[in-house]
Amino acid sequence: MSAPRAILHVDMDAFYAAVEQRDFPELRGRPVVVGQLGPRSVVSTCSYEARPYGVRSAMPTLVAQRLCPQAVFVAPRMQRYREVSQDVFAVFGEFTPDIEGLSLDEAFLDVSASRLLFGSLEAMGQRIKDEVRRRTGLTASIGMAHNKLLAKLASELGKPDGLLHIRPEQVQAVLDPLPVARLWTVGKVAEAALHRLGIRTVGELRRTHPRRLAQALGNHAALLQQLARGEDERPVLAEVAERSISAECTFAQDLAQLPEAEAWVARFAERVGERVRAQGLKGATVWVKLRTPPFQTHTRQQRLTARSDSTEEIADAARRLLRSWWEAEVRPRLRLLGVGMSGFGEETQADLFADPRRQRRDALTDAVNRRYGLGALTRGRVLATRKGDE
């Protein structure tokens with residue numbers, strides 16, 4: 001029998017705020033909020049000094065100011081955060097090539113093959129923490145387990161500056177007392193459905209009869225009970241050159257009409273398709289990003305039957321995803337909408353029936369826009385987005 005996988009989840013502590021406090025010593029020990037004040041601005045992150053006041057990521061900055069009047073608000077410096085992130089990920093690369101970056105400050109590492117060289121999970125985790133601190137002056141929380149679900153949970157439970165290993169024999173003792181919302185995939189809708197069944201803890205979820213659970217949650221029920229048992233077979237997906245290509249916009253006024261949202265989807269699909277073709281790529285998955293007021297983000301994705309670089313295929317898939325979400329909402333409103341493509345390194349069947357007319361149309365559009373500027377040649381449905389264009 002093969003040994004269990006060895007997975008680390010590394011999450012930098014209050015990363016953006018910590019970089020600001022490191023670069024500007026006068027901010028150390030003070031409640032720092034990364035985010036500009038304004039009616040549409042939200043908190044990117046905040047220092048641990050701000051959290052006792054109730055300030056949290058994704059909160060409107062004006063709410064954060066009311067909760068913590070003494071907070072120092074700083075504008076995000078994304079280029080600086082990217083520079084520091086490169087130093088952090090360089091440390092990861094010295095322990096394993098199997099790194100799945102989730103953001104600038106968070107990643108899964110599969111170190112199963114590194115144990116003979118570096119020793120136990122705890123030894124590797126501590127070395128990574130020490131090296132990140134030595135090179136950047138910042139702290140990281142590291143969760144360790146035999147799968148991604150538990151490794152991420154361990155890093156969350158250990159914050160800040162944590163180093164926690166959830167061993168196979170400890171799984172239920174750790175999971176059972178937790179609220180169901182702590183499980184991956186359990187959002188507000190699923191949480192409310194579980195609460196209606198009287199299920200509030202992971203242990204109660206695990207012990208519920210599958211048939212009763214399926215009546216309330218459908219096909220999602222089986223996955224939730226697997227997670228409640230601590231089972232997760234997802235592999236760590238190593239980075240490819242570019243994990244996704246996307247286009248999005250935050251609107252000054254919420255989108256409240258489906259035709260208008262569909263016009264924006266068509267516009268973003270054009271941008272994504274042009275960038276995909278410019279890099280000689282073809283993607284396997286189309287996704288949409290949907291943010292409702294005040295700040296709740298949803299994503300929906302669809303895997304294509306064959307990898308593609310067609311603007312029309314991107315737009316068609318994204319439009320279906322948007323409509324499916326829109327029709328399920330009681331009062332749909334969007335403050336942000338985005339379209340993206342990923343899966344550039346994934347294997348799919350060859351598209352033997354690609355429409356040459358689409359290919360010629362995309363090639364013509366790209367040629368005109370390269371010569372006269374992006375948007376010089378566009379589809380008619382996109383024109384509805386041009387009012388008030390930047």
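## Helix packing, burial and cysteines

α5 is followed by G137, whose phi is positive, near 75°.

User: Before we start, what kind of model is this?

Analyst: It's a predicted model, where local features need pLDDT of at least 70, side-chain atom pairs count only at pLDDT 80 or more, and totals for chains, interfaces and linings use all residues. Residues are numbered from 1 along each chain as its sequence is written, and side-chain values use heavy atoms, with hydrogens and water left out.

User: How many helices and strands are there in the protein?

Analyst: 14 helices and 12 strands. Both are DSSP runs numbered from the N terminus: H or I with at least four residues for helices, E with at least two for strands.

User: What makes α1 roughly perpendicular to α3?

Analyst: The axes of α1 (residues 15-23) and α3 (residues 78-93) come within 10 Å and cross at roughly 95°. Axes here are lines fitted to C-alpha atoms, for helices over the stretch in contact, with angles from 0 to 180 degrees between N-to-C directions. Angles under 35 degrees count as roughly parallel, over 145 as roughly antiparallel, 65 to 115 as roughly perpendicular and the rest as oblique. So α1 gets called roughly perpendicular to α3.

User: Which residues of α1 and α3 meet?

Analyst: F15, Y16, V19, E20, R22 and D23 from α1 meet M78, R80, Y81, V84 and S85 from α3. Contact means heavy atoms within 4.5 Å.

User: How do you know that α5 has the span it should?

Analyst: The expected span is 1.5 Å times one less than the number of residues. For the 16 residues of α5 (residues 121-136) that gives 22 Å, and the end C-alpha atoms are 22 Å apart, so the two agree.

User: Why is V91 called buried?

Analyst: Buried means under 20% relative accessible area, exposed over 50%, partly exposed in between (1.4 Å probe, protein chains only). V91 has 1%, so it counts as buried. This α3 residue touches I128, E131, V132 and R135, leaving aside residues up to four places away in sequence. The C-alpha atoms of V91 and V132 are separated by 6.6 Å, though the two are 41 residues apart along the chain.

User: How do you know that C46 is in no disulfide?

Analyst: A disulfide is a pair of cysteine sulfur atoms within 2.5 Å. For C46 the nearest cysteine sulfur, that of C68, is 8.8 Å away. The whole structure holds zero disulfides.

User: Why is C249 called partly exposed, and C46 buried?

Analyst: C249 has 23% relative accessibility, so it counts as partly exposed. C46, at 1%, counts as buried.
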